[in-house]
Amino acid sequence: MKYQILIVFIFGLILQSCAFYGLTNDYSKLDIEQQKIIEKFDLSEEVKTNHIYEISATQLKEELKNHKKSIVYLFANGCSSKYCLPLNVYVNYAKDNGYYLFLVMNGYGNLSQTLSQKISLPLYAIDAQAYDTKWNNKYVKRFENQLQGLPQDSKQQYKGSIYFFEEDSLVSIKRGLPN
């Protein structure tokens with residue numbers, strides 16, 4: 001019995017020192033300096049670089065109307081998939097092909113990996129509060145559906161995270177950048 005209590009105690013200490021990312025938006029795991037650069041998106045205010053704006057798909061679609069051609073890249077900070085390229089690759093592609101680029105994070109876990117890339121564009125993050133849930137998988141799916149003009153809770157197969165728009169009309173969704 002003593003050993004079982006000791007094992008449970010040690011296991012509890014180990015779990016207490018672990019940080020799990022991606023279940024929620026991970027805002028509470030940010031340091032104070034990181035929290036200071038995050039603000040709610042306001043259509044009436046000009047966005048600034050070195051800031052992160054929490055945005056809903058409805059607000060983003062309104063903002064898309066101000067640009068003839070846009071790319072919305074929805075990404076996870078620190079992603080190591082073959083489809084997750086350094087952010088400058090997306091910045092250069094957009095610039096070279098006449099697109100305005102919106103870089104939208106699906107949460108704040110591993111935020112320092114994104115900030116260290118020194119992007120000269122404002123960053124956006126999905127506003128979880130706009131989707132009435134704290135769970136990452138739910139608010140991301142609702143954001144994606146709303147961005148595509150679908151009911152928030154519709155079920156569909158994953159198509160990609162790079163959304164191409166002409167004004168606020170969705171043209172295509174890709175997993176990787178076209179050649």
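User: What share of the contacts in the chain with a separation of 6 or more comes from residues 24 or more positions apart?

Analyst: Such residues account for 57% of those contacts. Contact means heavy atoms within 4.5 Å. Two notes on the source: this is a predicted model, where local features need pLDDT of at least 70, side-chain atom pairs count only at pLDDT 80 or more, and totals for chains, interfaces and linings use all residues. Residues are numbered from 1 along each chain as its sequence is written, and side-chain values use heavy atoms, with hydrogens and water left out.

User: What makes C79 and C84 a disulfide?

Analyst: The cut-off is a pair of cysteine sulfur atoms within 2.5 Å. The S to S distance of C79 and C84 is 1.9 Å, so the pair qualifies. A search of the whole structure finds one disulfide.

User: Why is the disulfide of C79 and C84 called right-handed?

Analyst: The torsion about its S-S bond is about 65 degrees, so the disulfide of C79 and C84 is right-handed.

User: Why is L111 called buried?

Analyst: L111 has a relative accessible area of 2%, which is under 20%, so L111 counts as buried. L111 sits in helix α5, residues 111-115. Helices (H or I, at least four residues) and strands (E, at least two) are DSSP runs, numbered from the N terminus. L111 touches L30, Q34, I52, N77 and M105, leaving aside residues up to four places away in sequence.

User: How many helices and strands does the chain have?

Analyst: The chain has six helices and seven strands. From the N terminus, the order is α-α-β-β-α-β-α-β-α-β-α-β-β.

User: Which residues touch the most other members of the largest nonpolar core?

Analyst: They are I52, Y73, L101, L103, M105 and Y108, in a core of 23 residues. A nonpolar core is a set of buried Ala, Val, Leu, Ile, Met, Phe, Trp, Tyr and Cys residues joined through side-chain atoms within 4.5 Å. Helix α4 gives the most to this core, with five residues. Apart from it lies another core of 21 residues, including Y53 and L60.

User: What share of the 179 residues of the chain counts as buried?

Analyst: The buried share is 39%.

Definitions and conventions:
Buried means under 20% relative accessible area, exposed over 50%, partly exposed in between (1.4 Å probe, protein chains only).
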